[in-house]
Amino acid sequence: MELHTLSLAIGSRKTSKRKGRGQGSGKGGTATKGHKGAQSRAGYKTRPHSEGGQMPLQRRVPKVGFNRPNKIRKQPILLTQLALLAEKAKTIEITDALIRAHRLVERGKPYKILNGKGDFAKKLNVSAAFFSLAAQEAIKKQGGTVTIINEK
C-alpha cells in the first residue's frame, strides 16, 4: 500500500445537494424552498429561541423570587481555617492583610468569618469586616478577641 493508491472509504463523503442549478437538476426553480413566504426569500432569519407561534419557553416557565443585582456576596472563611492559618504563620493575630496574603479569599472580594461545624480550640485575636454571631462567641469563649474593621 502506498499513498497514491489510497482512496476514501465508501460512504464517508457525501456529495452535497446542488440546489438552484436549473430545472433539469430536479432542485431548480424554487431551490427546495417552496413557494412564497418569508422562508423562501433572501435574508430570512429566525430570532433565537423562536418557536413559531408557540409560547416561548422563557415565557412558559413561572418566575419565582427576586435576586438583588447589587447584593454583596461574601466568601466564607471557617474558624478551623483560621486556626490552620495561625499555625502556619506562627501567630495568634489574624488580620485582613494576613488572610489576603495567604490567599484564603479571592483578591478584592469581601469575606465573612463563620463558625462551621469543626471543633475550634485555639486562642485567636481576629480582625475582619464581617463575623457571624456564632463565630464571635466561639472566639471569645477561647479567650480571643474580635475586632470589626470597616472594609472599603
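I started with the surface: M1, L3 and L6 form a nonpolar patch with about 450 Å² of accessible area together. Patch members have over 30% relative accessible area and no salt bridge, and nonpolar side chains are joined within 5 Å. Areas are Shrake-Rupley values with a 1.4 Å probe. A salt bridge is a Lys or Arg side-chain nitrogen within 4 Å of an Asp or Glu carboxyl oxygen. L3 is exposed at a relative accessible area of 76%; exposed means over 50%, buried under 20%. L3 sits in the segment before helix 1 (57–60).

This is a predicted model; local features need pLDDT of at least 70, side-chain atom pairs 80 or more, while totals for chains, interfaces and linings use all residues. Numbering runs from 1 along each chain, and side-chain values use heavy atoms, without hydrogens or water.

I followed L79: its contacts (heavy atoms within 4.5 Å) include I113, F120, A135 and I139.

Which of its residues are buried? A135, Q136, A138 and I139 are. They lie on the same side of helix 4, because they cover an arc of only 165° around the axis. The face turned away carries the exposed L133, E137, K140 and K141. Cover for the buried residues includes helix 2, strand 3, strand 4 and strand 5 (145–148).

How values were computed
Patch = residues over 30% accessible without salt bridge, like charges linked within 9 Å, V, L, I, M, F, W, Y side chains within 5 Å. Helix = DSSP H or I, 4+ residues; strand = E, 2+ residues; numbered from the N terminus. Buried < 20%, exposed > 50% of the residue type's maximum accessible area, 1.4 Å probe, protein only. Arc of directions from axis to C-beta. Lists of a residue's contacts leave out its neighbours within four places in sequence.
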